[in-house]
Protein chains: 2
Amino acid sequence: MKTPDGLRSLRVGLGDRAYPIHVGPGVLSRADLLADCLPGGDVLLVSNETVAPLYLETARATLAGRRVETLVLPDGEAYKTLESFGRVLDALASGRFHRDCCVAALGGGVIGDLAGFAAASYQRGVALLQLPTTLLAQVDSSVGGKTAVNHPVGKNLIGAFHQPVAVLADTDTLATLPAREYAAGLAEVIKYGLILDADFLAWLERHMPALLARAPGPVAEAIARSCDLKARVVAEDEREHGRRALLNLGHTFGHAIEALAGYGEWLHGEAVAVGMVMAAETSHRLGWIAAADLARVRSLVSAAGLPVAAPDFAPEAMLTAMGMDKKVIGGRLRLVLLRTLGDAVVSADVPRELLLGVLSDVRRAS
Amino acid sequence: MKTPDGLRSLRVGLGDRAYPIHVGPGVLSRADLLADCLPGGDVLLVSNETVAPLYLETARATLAGRRVETLVLPDGEAYKTLESFGRVLDALASGRFHRDCCVAALGGGVIGDLAGFAAASYQRGVALLQLPTTLLAQVDSSVGGKTAVNHPVGKNLIGAFHQPVAVLADTDTLATLPAREYAAGLAEVIKYGLILDADFLAWLERHMPALLARAPGPVAEAIARSCDLKARVVAEDEREHGRRALLNLGHTFGHAIEALAGYGEWLHGEAVAVGMVMAAETSHRLGWIAAADLARVRSLVSAAGLPVAAPDFAPEAMLTAMGMDKKVIGGRLRLVLLRTLGDAVVSADVPRELLLGVLSDVRRAS
């Protein structure tokens, strides 16, 4: 699926809503990749103050030939709110955008989720083009149609399922990504290996130094393989009635860390990294994965420059914070755990005491 | 489909999202009708200050056996906003409602649309129970899954398609409905006859006096037939890619009247009534329907106690206001018109001058 210019293309198979994902250097400039994807109308290009100075003009040039309006929001998770959602909708309504318009999200997961929810809601749904510029967004949030904003009570509590018409993941944009954010993206890459693909996990263990050095070939390969794994799960279970929940490995723990630390203190990927260690630890204590496997998880997460322990939060507080996670059904805590490396399951049967033990032990000494 | 106790039940055929509509006296008290419809979790019962004192306790009793929280909003179209949407979501999030919860909308179209959009968005979609208490909501807005809030630029600009799990249309609640609102509901009933069913239209002409007198049998029959006609269209074209657009007969004109008059001055059904006369007039001038048919439309609308002419708005201003309607694709004005009575079509080819003539003539003398 790789062409000589380094372009890797794949497809999310969702019937008449199927869409392409293009990964590689310079794809943000490739108007040809969008030829058959966009509707005929105007485009609202949504970005943030960090990304816009770097890539807004490139994106605008790629979309040339139609009216392109821009909306540049402040950068950060703190702005992933209903209020910002209202600002995107104001821009669409005041700009008299019609049903055949397109919202293009240029930025990381916050911009993608926010602009995506606005695209889902404006006129009950208009086209969405994902132009992710962070590793996290390229391997995770831009693919699969989950959109949302946060609520003070919990992350991503308000949103919609709304698939994009295309995803252009330009690996060149990763050059400007801060190291901490880059590592946070690697957490989701590791996740795919852990839950779905032991071969990919082994590949990641071998290539982690190259990935940390942002070597173009391995980076594009890791992104394309991650997207491909995610695309398969989404095609099977778009609305998370079953298998898609596996993609939340580490997320229930992670959301609790993010919430207790105060949103914005921990990057999502960092919290997920610790969450995956917690899930692996839980799986080990349940007798599912061996001590050596647990050590591999810890070691790979650490090699990616990611934390492997939470701050010194009280285990009971963590458990309460985990209770508001969307993975809870009927008040019962359902966790994604590892049967073996490369094979995840959802379990609602983890003894409370075992969980408190894990939460107590996977902490930094205070 | 009618049982001895006056209950009429039908079904909206949408595969695994099919749902029942129950019409008749006292159905709001019939917990048995909900036995297989609701998920297992808590219920947020959303209503307004007018309806709550009359029916909230009845609804609460019907939902007994689970935790039921209530949220009572101010009454009126002016509150169908993103801000009210935020209030419903605050109640859900702060109340720690889980994915298996249900939002129950007790009231007219505003409550149904607003609570429906909140149900569509909370945790990316939770169950919605429609308990419509106005004729308009019973024959139109509670059926078919369209949810929305208004934006200052236009009505229903922000929303989602989200089907309910059941609709209970209690005809007893119509006893407390003001005459003006009751008539506004009849506009949508007439609409179904005009676009889909010449026999039903003739039935309405014969039974309009009984309907105006709110005779229980004819009222329940009119509601059930309206719901059945709408359900068929929705089952064919849930997301309005084609045929469903026919349900918007009179709405492009009507929305313009509502906007120019200032939201809240005209009831939606009143504006749609005039809009249907405008659509019929346009159809007549295009040579599609005869003068006698146009007279029948005007006469039936008038017999229902509804207006047949707009205020003295400038035709150009009306045309501009119509331009922001969602039925516009690619900047082209698409109108629902009548080929014959009982058979509607969408047309993008109405000459501008002809339209201006209609808008000029279907006005009250100032």
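Reader: What angle do α2(A) and α3(A) pack at, and how far apart are their axes?

Author: In this predicted model, α2(A) and α3(A) pack at about 55 degrees, and their axes are 9 Å apart. That makes α2(A) oblique to α3(A). Angles under 35 degrees count as roughly parallel, over 145 as roughly antiparallel, 65 to 115 as roughly perpendicular, and the rest as oblique. The axes are lines fitted to C-alpha atoms, for helices over the stretch in contact, and angles run from 0 to 180 degrees between N-to-C directions.

Reader: Before we go on, what are the ground rules for the model and the labels?

Author: It is a predicted model, where local features need pLDDT of at least 70 and side-chain atom pairs count only at pLDDT 80 or more, while totals for chains, interfaces and linings use all residues. Residues are numbered from 1 along each chain as its sequence is written, with chains lettered from A and ligands numbered from 1 in the order in which they are written. Helices (H or I, at least four residues) and strands (E, at least two) are DSSP runs, numbered from the N terminus.

Reader: Thanks! Is the crossing of α2(A) and α3(A) left-handed or right-handed?

Author: Right-handed. A crossing is right-handed if the near helix is turned clockwise from the far one by less than a right angle, and left-handed if anticlockwise.

Reader: Which residues meet there?

Author: From α2(A) you have Ser84(A), Phe85(A), Val88(A), Leu89(A) and Leu92(A), and they meet Leu114(A), Ala115(A), Phe117(A), Ala118(A) and Ser121(A) of α3(A). The contact of α2(A) with α3(A) has eight nonpolar, two polar and no charged residues. Contact here requires C-beta atoms, placed from the backbone, to lie within 7 Å. For the classes, Ala, Val, Leu, Ile, Met, Phe, Trp, Tyr, Cys and Pro count as nonpolar, Asp, Glu, Lys and Arg as charged, and the others, Gly among them, as polar.

Reader: Nice. How do the axes of α9 and α10 of chain A cross?

Author: Helix α9 (residues 268-285) and helix α10 (residues 291-303) of chain A have axes that come within 9 Å and cross at roughly 175 degrees. α9(A) and α10(A) are therefore roughly antiparallel to each other. Among the residues making the contact are Met276(A) and Glu281(A) of α9(A), and Leu294(A) and Arg298(A) of α10(A). By class, the contact of α9(A) with α10(A) has eight nonpolar, one polar and two charged residues.

Reader: And what about α11 and α12 of chain A?

Author: The axes of α11 (residues 315-323) and α12 (residues 352-361) of chain A come within 9 Å and cross at roughly 115 degrees. α11(A) and α12(A) are therefore roughly perpendicular to each other. Their crossing is right-handed. On the α11(A) side are Pro315(A), Met318(A) and Leu319(A), facing Leu355(A), Leu356(A), Leu359(A) and Ser360(A) of α12(A). The contact of α11(A) with α12(A) has six nonpolar, one polar and no charged residues.

Reader: Switching topic: how many residues does each chain put into the contact between A and B?

Author: Chain A and chain B put in 31 residues each. In chain A, α2 (82-94), α3 (109-121), β7 (146-151) and β8 (154-161) each supply at least two residues of the side that touches chain B. β8(A) gives the most to that side, with six residues. The chain A side divides into 14 nonpolar, twelve polar and five charged residues.

Reader: Why do you say the copies meet through the same surface?

Author: Because 100% of the interface residues of chain A are also interface residues in chain B. Chain A can also be laid on chain B with an RMSD of 0.0 Å by a turn of 180 degrees and a shift of 0.0 Å along the axis. That is the relation of a two-fold axis. The superposition is by least squares on the C-alpha atoms of residues with pLDDT of at least 70 in both copies.

Reader: Where is Arg124(A) found?

Author: Arg124(A) is in the loop between α3 and β6 (127-132) of chain A. Arg124(A) has a positive phi of about 60 degrees although it is not a glycine.

Reader: Buried or exposed?

Author: Arg124(A) counts as buried, because it has 23 C-beta neighbours inside 10 Å. The cut-off for buried is 20 or more other C-beta atoms within 10 Å, with 12 or fewer for exposed and partly exposed in between; C-beta atoms are placed from the backbone.

Reader: Last one: what does Leu44(A) touch?

Author: Leu44(A) lies in strand β3 (residues 43-48) of chain A. Not counting residues up to four places away in sequence, Leu44(A) touches several residues, including Leu71(A), Leu92(A), Phe97(A) and Val103(A). Leu44(A) is buried, with 24 other C-beta atoms within 10 Å.

Technical notes. Contact = placed C-beta atoms within 7 Å.
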